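Please read the numbered points with the sequence and the model in view.

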Amino acid sequence: MAKNYTYRNLIVWQRAQQLALQIMGLVQQVPQSWANAVIVRQIISAATSIGANIAEGHGRYMPGAHRNHLSIARGSTAETDSWLDLLHRAGWITFEEEAVLHAECLEIMAILTSKMLDLDRMKHDTDPHIREDLSEYKVHEAHDQPLFPFTDSDYHTDQ
């Protein structure tokens, strides 16, 4: 693996960032009012959350944590798409503008779903390196008491 490999190399992250930039530009045409400001803030928050959660998930050590952040990113993509629909229904963006961004949201969600399914397969693999080592949660090296009074079987199921 290349030394400079980061989340920034991920096509889905790049597309999420581009979507956020497009939406930031698009909402500048929304008339200014208190209610509109709330909607604009919401769509920008949702759109910028997509790339941020992809990046954060990529930085997680465990596949389950990575998958969780991709799931959040997928939810933010759906939320962004919903706000786009509202902007179109309110007449602030055209059908064509909404359609292009809607298609991009669907593509990003499909990519995220595919990656989540890959992580699910990895998580259910029997490779012991995928499971978190609970010994890292010891209070002191001298004491053999875990930080939380749970056993390894409390964290993992054999389903």
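1. Helix axes here are lines fitted to C-alpha atoms over the stretch in contact, and angles run from 0 to 180 degrees between N-to-C directions. On that basis, helix 3 and helix 4 pack with their axes 9 Å apart and at an angle of about 165°. Helix 3 is therefore roughly antiparallel to helix 4, because angles over 145 degrees count as such. Their crossing is left-handed. The contact of helix 3 with helix 4 comprises 14 nonpolar, eight polar and eight charged residues.

2. The model is a predicted one. The protein chain contains five helices and zero strands, and its pattern along the sequence reads α-α-α-α-α. Of its 159 residues, 30% count as buried. Where contacts join residues at least 6 apart in sequence, 68% of them link residues at least 24 apart.

3. The pairing of helix 2 with helix 3 may be taken next. The axes of these two helices come within 8 Å and cross at roughly 160°, so helix 2 is roughly antiparallel to helix 3. The crossing of helix 2 and helix 3 is left-handed. By class, their contact has 13 nonpolar, 10 polar and two charged residues.

4. Helix 1 and helix 2 have axes that come within 9 Å and cross at roughly 165°, which means that helix 1 runs roughly antiparallel to helix 2. Helix 1 passes helix 2 in a left-handed crossing. Residues making this contact include Trp13, Ala16, Leu19 and Ile23 of helix 1, together with Ile43, Ala47, Ile50 and Ile54 of helix 2. By class, the contact of helix 1 with helix 2 divides into 13 nonpolar, three polar and no charged residues.

5. Which residues touch the most other members of the largest nonpolar core? They are Ile23, Ile54 and Leu84, within a core of 30 residues. Helix 1 (11-26), helix 2 (34-58), helix 3 and helix 4 (95-123) are the elements that give two or more residues to this core. Helix 2 supplies the largest share, eight residues. As general background, nonpolar side chains in soluble globular proteins tend to be buried together.

6. Isoleucine 54 deserves a separate look. Leaving aside residues up to four places away in sequence, isoleucine 54 touches Leu10, Val12, Trp13, Ala16, Leu70, Ala73 and Leu112. Isoleucine 54 also belongs to the helix 2 side of the contact with helix 1.

7. Is serine 76 buried or exposed? Serine 76 lies in helix 3, which spans residues 63-89. With a relative accessible area of 7%, serine 76 is buried, because the cut-off for that label is under 20%. Beyond residues up to four places away in sequence, serine 76 touches Ala46, Ser49 and Ile50.

8. Glycine 91 is found in the loop between helix 3 and helix 4. Its relative accessibility is 57%, so glycine 91 counts as exposed, the threshold for that label being over 50%. The C-alpha atoms of glycine 91 and valine 30 are separated by 9.2 Å, and these two residues are 61 residues apart along the chain.

Technical notes: Residues are numbered from 1 along each chain as its sequence is written. This is a predicted model: local features need pLDDT of at least 70, side-chain atom pairs count only at pLDDT 80 or more; totals for chains, interfaces and linings use all residues. Side-chain values use heavy atoms; hydrogens and water are left out. Helices (H or I, at least four residues) and strands (E, at least two) are DSSP runs, numbered from the N terminus. Buried means under 20% relative accessible area, exposed over 50%, partly exposed in between (1.4 Å probe, protein chains only). Contact means heavy atoms within 4.5 Å. A nonpolar core is a set of buried Ala, Val, Leu, Ile, Met, Phe, Trp, Tyr and Cys residues joined through side-chain atoms within 4.5 Å. Angles under 35 degrees count as roughly parallel, over 145 as roughly antiparallel, 65 to 115 as roughly perpendicular and the rest as oblique. A crossing is left-handed if the near helix is turned anticlockwise from the far one by less than a right angle, and right-handed if clockwise. Ala, Val, Leu, Ile, Met, Phe, Trp, Tyr, Cys and Pro count as nonpolar, Asp, Glu, Lys and Arg as charged, and the others, Gly among them, as polar.
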